[in-house]
Amino acid sequence: MKLDVLVKDVMKRNIKTIKDTDSVKKAATLMKKYNIGSVIVLDKKKNMVGILTKADIVYKFVAEGKKSVKSVMTKKYKKISPRKTLEDASSIMIKNKIEKLPVFEKNRLVGII
């Protein structure tokens, strides 16, 4: 018998966010403080508009010299339901070559894996 672990059972619920108008330095400081690899980027209406990862900072901010969170963040992010399995999540992550996957319940951000 195969037991499928669900995304909701392993996702991180305490999500760190920044505004799309914040500085990359502020995002990096937050990531360092909490020892995390990404932050969720919100617009002024508190809707998710992207995700900012350590790789985004290194490749876009440092290497390319882009200045703002808006220009550095990944805008086309993938998401998953908390009711999906870890196998589903890993498949999405491998296929899209991503390390972070936001978890949405309906249209509400509830976690990240």
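Colleague: Which residues touch the most other members in the largest nonpolar core?

Modeller: One caution to begin with: this is a predicted model, where local features need pLDDT of at least 70, side-chain atom pairs count only at pLDDT 80 or more, and totals for chains, interfaces and linings use all residues. Numbering runs from 1 along each chain as its sequence is written, and side-chain values use heavy atoms, without hydrogens and water. In soluble globular proteins, nonpolar side chains tend to be buried together. A nonpolar core here is a set of buried (under 20% relative accessible area, 1.4 Å probe, protein chains only) Ala, Val, Leu, Ile, Met, Phe, Trp, Tyr and Cys residues joined through side-chain atoms within 4.5 Å. In this case I18, V39, V41 and L52 touch the most other members, out of 13 residues.

Colleague: Which elements give two or more residues to this core?

Modeller: They are α2 (24–34), β2 (38–42) and α4 (69–72), with helices (H or I, at least four residues) and strands (E, at least two) taken as DSSP runs numbered from the N terminus. The largest share, four residues, comes from α2.

Colleague: What is L52 in contact with, beyond its neighbours within four places in sequence?

Modeller: Contact means heavy atoms within 4.5 Å. For L52 the partners include I18, A27, M31, V39, V41, I57 and V72. A second, separate core of eight residues has V7, M11, A89 and L101 among its members.

Colleague: How many helices and strands does the chain have?

Modeller: Five helices and five strands, in the order α-β-α-β-β-α-α-α-β-β from the N terminus. Of the 113 residues, 35% count as buried.

Terms used. Buried means under 20% relative accessible area, exposed over 50%, partly exposed in between (1.4 Å probe, protein chains only).
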